[in-house]
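Q: How should I read a helix and a contact surface in a model like this one? Please take me through them.

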2 protein chains.
Amino acid sequence: MGIAERKERDKTERRQSILDAAQHLFIEQGFEKVSMRNIADAIEYSPATIYLYFKDKNELLFALQNQAFGRLAQEFESVFTIQHPAERLNAIGHKYLAFAFEHPELFELMFVMNGPMEAVQARGEAEPWGSGRAAFDRVVRVMQDGIDAGVFHTSDAEVAAMMVWAQVHGLAALFRSKRLMIFSEARRQTIMEEAMNLFNQVLHHGL
Amino acid sequence: MGIAERKERDKTERRQSILDAAQHLFIEQGFEKVSMRNIADAIEYSPATIYLYFKDKNELLFALQNQAFGRLAQEFESVFTIQHPAERLNAIGHKYLAFAFEHPELFELMFVMNGPMEAVQARGEAEPWGSGRAAFDRVVRVMQDGIDAGVFHTSDAEVAAMMVWAQVHGLAALFRSKRLMIFSEARRQTIMEEAMNLFNQVLHHGL
DNA sequence: TTCATAAATGAACACCGTTCATTATATTTG
DNA sequence: CAAATATAATGAACGGTGTTCATTTATGAA
């Protein structure tokens with residue numbers, strides 16, 4: 001049954017080539033340019049062909065999102081070499097921000113766009129959105145370690161992780177959505193850093 | 001020159017009726033259904049007519065955004081009856097969250113959608129996005145009052161306001177974008193409240 | 001009543017996601 | 001090898017989007 005296997009392999013390869021083309025479009029041209037027709041052009045196939053490999057565009061975006069979360073999780077993983085919990089927490093926060101700055105289009109895909117999550121909902125699985133959960137769990141682990149080490153004084157690591165996530169995500173999201181336009185361009189950069197620093201400080205001593 | 005005045009009045013009235021129709025569509029049907037054609041249908045005019053009153057869709061969205069920020073600013077204004085700075089800060093945070101829950105489509109328009117800010121950029125004014133600035137200034141005022149009263153111990157009220165904004169916005173944005181799907185539906189509500197409570201607590205005593 | 005100005009529109013353009021009958025290719029069977 | 005079958009790919013269409021512009025309609029001035 002070598003033929004069936006090769007067909008299977010061909011199929012996953014083409015599927016991956018569609019994802020690669022889409023990701024390339026995402027990064028190079030921005031999410032607005034990621035249309036089924038543009039993807040089809042990039043791989044030199046007909047638009048209809050994509051629907052042989054993905055149920056619809058949301059499913060394609062969801063697959064792309066999962067890939068992107070893999071990259072973020074990898075970034076997160078690297079902070080566990082840092083010993084001190086507070087420093088480690090600071091590092092993971094900066095990884096999040098750095099990712100948002102360096103890959104704004106992927107950030108949008110992962111944390112802003114509706115499409116991927118609609119695919120998640122359409123699937124209706126019992127354990128939905130594992131890639132997101134996996135990334136968050138790393139933040140929870142950082143918090144739990146800090147609690148266990150007696151550095152953070154709270155009981156629920158998940159709640160603490162949620163607070164930290166919201167803080168960092170809030171900064172990243174407001175920046176990317178251009179809502180920091182109320183500040184001058186020069187101020188925009190500094191106020192984000194200063195807000196981050198203040199948050200760190202507040203974690204230690206309160207406001 | 002009574003006629004010219006009436007024409008002027010008619011024009012602003014029609015402009016407003018377009019905005020009203022669009023806002024109604026926004027709230028009742030969601031932002032996806034707000035198309036130039038749907039708005040035109042609602043006011044029983046041709047789509048092309050809207051372009052006599054708005055340069056393009058982004059300008060229309062921007063006008064709508066300004067209206068919505070007026071409502072939020074009003075909500076914010078009501079917290080200044082509260083005397084204690086810490087309580088006042090907590091109240092303004094909850095006003096933000098409540099607005100996001102009660103008017104999810106307006107929240108999207110104000111803080112997530114790209115369209116309105118593209119209009120802001122296209123205008124290229126020296127003092128861009130005054131409505132956003134006005135809302136933020138109220139948060140800054142709360143922080144400054146708290147600093148002056150010796151309740152908050154930091155020097156830069158704007159940076160402190162930025163931190164608070166990011167925290168609250170992060171929660172609201174992650175919720176609306178369905179990224180809290182990593183939690184069970186029941187947990188979603190509680191963890192947001194608990195994260196808010198923890199943040200308040202951290203402001204007082206640190207983590 | 002004619003003329004000029006302003007307002008409104010129908011039709012078109014180029015895009016979008018998606019579906020489906022038809023065509024082309026590859027594999028299996030007689 | 002030829003014919004039949006199964007798989008893969010596609011062209012064309014449908015209904016939607018924002019936007020433009022020549023043409024038509026309505027309104028106030030002469």
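The dialogue below turns to a helix, then to a DNA strand.

A: First, the basis. This is a predicted model: local features need pLDDT of at least 70, side-chain atom pairs count only at pLDDT 80 or more, and totals for chains, interfaces and linings use all residues. Residues are numbered from 1 along each chain as its sequence is written, while chains are lettered from A and ligands numbered from 1 in the order in which they are written.

Q: Which residues of α8(A) are buried?

A: An α-helix has 3.6 residues a turn, so residues three or four places apart point the same way. Helices are DSSP runs (H or I, at least four residues), numbered from the N terminus. Buried means 20 or more other C-beta atoms within 10 Å of a residue's own, with C-beta atoms placed from the backbone. In α8(A), the buried residues are Ser131(A), Gly132(A), Phe136(A), Val139(A), Val142(A), Met143(A) and Gly146(A). Down the axis of α8(A), they fall within an arc of 150° (taken from the directions from the helix axis to the C-beta atoms), so they line one face of the helix.

Q: What follows α8(A)?

A: Gly150(A) follows, with a positive phi near 80°.

Q: How many residues surround DNA strand C?

A: A residue is near a strand if its C-beta atom, placed from the backbone, lies within 6 Å of it. Here 17 residues surround DNA strand C. Among the closest are Ser35(A), Lys57(A) and Ser46(B).

Q: Which helix gives the most to that surface?

A: α2(A) does, with three residues. Helices α2 (36-43) and α3 (47-50) of chain A, and α1 (2-29) and α3 (47-50) of chain B, each supply at least two.

Notes: Buried ≥ 20, exposed ≤ 12 C-beta atoms within 10 Å, placed from the backbone.
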